[in-house]
Amino acid sequence: MQALASQTDFATLLEKERAIVFIFFPWSASAVESRAVVEEWEDKMAAQPDQNSFEVSELSPDECSWAWKWLNESLLDEYEAAPVNGSVVWLKRGSVVGRVDFAAMAGTKVLARTTAACFSDDKNAASHSSFNSELLQILCCPETHQKLKLAPRALIEKLNQQISAGRVQNRSGQPITDALDGGLVRADGKFLYPLRQNIPVLLVNEAIPLAGI
C-alpha cells in the first residue's frame, strides 16, 4: 500500500477515475488486523496479472489532520463513530461507490467481489445491451404474471455492494453471495429476478426483495 502523506497526494487520488483507500488507525487492533488482510488481498491481485488489479492507498487520519474534513463529509454522516476497524472505500472521481467497514472480518474474497461490483460498469452495460429485447417482451413474473423490465445499472451496483457486505437474502431467506450480472425487476418494483450469465433465474424463491434497497 502507498501511504497518502500529503493533502496534494490525496487531492490527486480524488481526481482518479477509480481508486481504493484503506483507512488506518495504528492504535486500533482491528485496523492492524484489517491491514494484514488488505495486504494479502493486494498480493493476490498482483499474482493474477490477467485480472484487473488496483493499487490501494492508505490513509491515516490521525497523522493527516486534513483527512478528517473528507471523512466527515463523505463517511461519518452514516456512522455513529469513526470507522476505526480498518475500512476499505472505493471511489470514482472522489465519490464513494462502495465501502467495507471491517476488512479483516470481510476477508479477501469480499474485497475482490466489492471491487468487481463497484468497478464493473462496462460488464453491466454489456449485459444490458446484449439481453434479448424480444424475449423480455414475453417474460413475466412466475408468481403474479406481471411484466418484467431490465434493472437499472445503478440498482445492480447498489445490490452488489450490499451482497459483498452480506446484507442481501432471497425470498427463501438464503443469503446471496455471488455478484449479480444484471436483473429483471417486477412491474410493481417489489422484487428482482437475477440474471446469471445473461440468463434470467425466474424462480419465486430466488427473487430478491427490493424493499429498503
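The questions below go through helices, a sheet and confidence.

This is a predicted model, in which local features need pLDDT of at least 70, side-chain atom pairs count only at pLDDT 80 or more, and totals for chains, interfaces and linings use all residues. Residues are numbered from 1 along each chain as its sequence is written, and side-chain values use heavy atoms, with hydrogens and water left out.

Q: What makes E33 and W41 in helix 2 part of a meeting with helix 4?
A: Contact means heavy atoms within 4.5 Å, and E33 and W41 are among the residues of helix 2 that meet helix 4, where the partners include A103 and T115.

Q: How do the residues of this contact divide into nonpolar, polar and charged?
A: Ala, Val, Leu, Ile, Met, Phe, Trp, Tyr, Cys and Pro count as nonpolar, Asp, Glu, Lys and Arg as charged, and the others, Gly among them, as polar, so the contact of helix 2 with helix 4 has seven nonpolar, four polar and three charged residues.

Q: Why are strand 4 and strand 5 said to pair?
A: Two strands pair if DSSP finds at least two bridges between them; five bridges join strand 4 (residues 87-92) to strand 5, and therefore they pair, running antiparallel.

Q: What makes strand 1 and strand 5 edge strands?
A: In the open sheet, with the order 1-3-2-4-5, strand 1 (2-3) and strand 5 (95-100) each pair on one side only.

Q: Where is confidence lowest?
A: pLDDT is the predictor's confidence in each residue, from 0 to 100, and the lowest mean, 47, belongs to helix 5 (residues 121-130), whereas the protein averages 84.

Terms used:
Helix = DSSP H or I, 4+ residues; strand = E, 2+ residues; numbered from the N terminus.
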